[in-house]
Amino acid sequence: MKTALRLFRYAGIGFLVLLGAVWLLWAFGAVWHFNFLGSARFALAVLVAAAGLVLPFLRPRRIFLAADLGMLLLVTLVFIAIPASHNRDWVPEYGRLPRCEFQEDGRFRVHDIRDFRYRSETSFDIRYRTDDFDLKQLESLDFVVVHWDNMEGIAHTMLSFGFRGGQQLVFSVETRRDRGDVYGAIPGIYKQFELIYLIGTEADLLGLRTNYRHEQVYLYPTNATTEEMRVILLDLLEKANGIYRQPQFYNSLTSNCTTSLLPSIRRAVALPFRDPSFLCNGFTDRLAFRLGWLRTRQGESFPELKFRRYANPKVDKAPIGDDYSRRIRRDTLLPTALEMFGGVLLNALPEPFSMEGIYDETGEVSGLEYRYFRYSYEDAAGDLTRLTGNAPLEVRPYESLWRSDCYRVEIELTAKHRQRPRLRVLPFGKGKIDKLAEP
């Protein structure tokens, strides 16, 4: 019994020490980001960290522990007291906050819908519009996932609502940055950015990403019913109005582009969206597929769905026009040879992986690219040699920031898909590599 009590006591002390260490680390970051202190905040943050480490070891211990606790409480109270603001020198992209006027019989009017026209990522014409909508005309809800720099685990997420007649209304929760701000995930924890519910057109919010930033945009139709769409849309409009009335802070963990959308979705859809996968929001489309929220063809796998719903090749080689929303919804079809050969790999190779298309200058599919994670050199060489027989095969690992075994599998076709596909396993990264050496 005494041994159990002693172990319980040690466990309690260990928990308190861990809690104190996390609190001290947070307090160091909070003081470091106390902008109202100017450059003095850096020295003060170091002082807080040093005091937090030293005070618990001084005697009389209770007094110094109380002083340490009081210091941490003071930092916390000052942090809580920092107010959000609408009055800053905002960058042009976030110059206006959208708002909604609710009218009778399910009609509503949205003010300051962003509809910029771009010449480049940083050069654009600032345009806002005011449009009227009718809930009875609501027809579709699409889930948008945007990757960049080939990062699978991190993404930006949006929702796009479609109305009869072709109107689209996109919601994107973002950091409202002023001219002195540079986005970062760590500063985003410490009240460095305000929150904005951007409401815009697809030609702006999606077109910027497909045609100018050249990020990877995936547009997934959902299985949401009309009533579920209405509940989600109305809740998002109420949240946008709430931000318009009272500024709020963005938080990289609790109030980001994905976690800010989830409460609205949960109001309508009885799905377990509290899954830890949402901490790595780049996998939210895979999770939504597994939960049955995405509209698919019968027997369709997630890589096949993701390939079909990849928006960039359908639009990024042409100017953004009035038909942008229609073009990004076209299905990407595989040539017959690719469909047959790709199907073998889809059914034979292990997950997790994603599938991308390789496109020629006309935007047509000329090849497939598979990306694998936690897939060893021996497994890659063995599986692909077994599947392809005498097809050319080259394998080399790529040292990733996140994991050591990452491969890109690329299927190349020649002579307009009439010859046998040529298959290579390449390092996971941008562009093609002609000469590869085995490890």
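**Buried and exposed sites in a predicted chain**

Asp-112 is buried, with a relative accessible area of 18%. Buried here means under 20% relative accessible area, exposed means over 50%, and partly exposed lies in between (1.4 Å probe, protein chains only). Asp-112 is found in strand 2. Its phi is positive, about 60°, although Asp-112 is not a glycine. Asp-105 also has a positive phi of about 60° and is not a glycine. Asp-105 is found in the loop between strand 1 (99-102) and strand 2 (107-114). Asp-105 is exposed, with a relative accessible area of 57%.

The model is predicted: local features need pLDDT of at least 70, side-chain atom pairs count only at pLDDT 80 or more, and totals for chains, interfaces and linings use all residues. Residues are numbered from 1 along each chain as its sequence is written, and side-chain values use heavy atoms, with hydrogens and water left out.

The chain has 13 helices and 14 strands. Helices (H or I, at least four residues) and strands (E, at least two) are DSSP runs, numbered from the N terminus. Of the 439 residues of the chain, 48% count as buried. The chain exposes about 22700 Å², and carbon and sulfur atoms supply 57% of that area. Accessible areas come from the Shrake-Rupley method with a 1.4 Å probe; for residues, only the protein chains shown count as cover. Among contacts between residues at least 6 apart in sequence, 64% join residues at least 24 apart. A contact means heavy atoms within 4.5 Å.

Helix 2 (residues 40-54) has 15 residues. The helix reaches 21 Å from its first C-alpha to its last, close to the 21 Å expected at 1.5 Å a residue. The expected span is 1.5 Å times one less than the number of residues. Arg-41, Ala-45, Val-48, Ala-49 and Gly-52 are the buried residues of helix 2. Seen down the helix axis, these buried residues fall within an arc of 95°, so they line one face of helix 2. The arc is that of the directions from the helix axis to the C-beta atoms. Ala-43 and Leu-47 are exposed on the other side of helix 2. The cover over the buried residues of helix 2 includes helix 1 and helix 3 (61-81). The loop between helix 2 and helix 3 holds Pro-60. The peptide bond from Arg-59 to Pro-60 is cis, with omega near 5°.

Helix 6 (residues 226-245) has 20 residues. It reaches 29 Å from its first C-alpha to its last, close to the 28 Å expected at 1.5 Å a residue. Buried residues of helix 6 include Met-229, Ile-232, Leu-233 and Asp-235. Leu-236, Leu-237, Ala-240, Asn-241, Gly-242 and Ile-243 are also buried in this helix.

Leu-7, Tyr-10, Ile-13 and Val-17 make a nonpolar surface patch of about 410 Å². Patches are made of residues with over 30% relative accessible area and no salt bridge; like charges are joined within 9 Å, and nonpolar side chains (Val, Leu, Ile, Met, Phe, Trp, Tyr) within 5 Å. Tyr-10 lies in helix 1 (residues 2-32). Tyr-10 is partly exposed, with a relative accessible area of 48%.

The structure holds 25 salt bridges. A salt bridge is a side-chain nitrogen of Lys or Arg within 4 Å of a carboxyl oxygen of Asp or Glu. Glu-194 forms one with Arg-88, the closest N and O atoms being 2.9 Å apart. This pair links distant parts of the chain, 106 residues apart: Glu-194 is in strand 9 (residues 194-200), and Arg-88 is in the loop between helix 3 and strand 1. Glu-194 is buried, with a relative accessible area of 3%. Arg-88 is partly exposed at 34%.

Arg-127 forms a salt bridge with Asp-115, with the closest N and O atoms 2.8 Å apart. Arg-127 sits in the loop between strand 4 (124-125) and strand 5 (128-134), whereas Asp-115 sits in the loop between strand 2 and strand 3 (117-118). Asp-115 counts as buried at 3% relative accessibility. Arg-127 is partly exposed, with a relative accessible area of 36%. A network of salt bridges links Asp-115, Arg-117, Arg-127, Arg-129 and Asp-131. Asp-125 and Arg-119 also meet through their side chains in a salt bridge (2.8 Å, N to O). Asp-125 is partly exposed at 37%, and Arg-119 is exposed at 52%.
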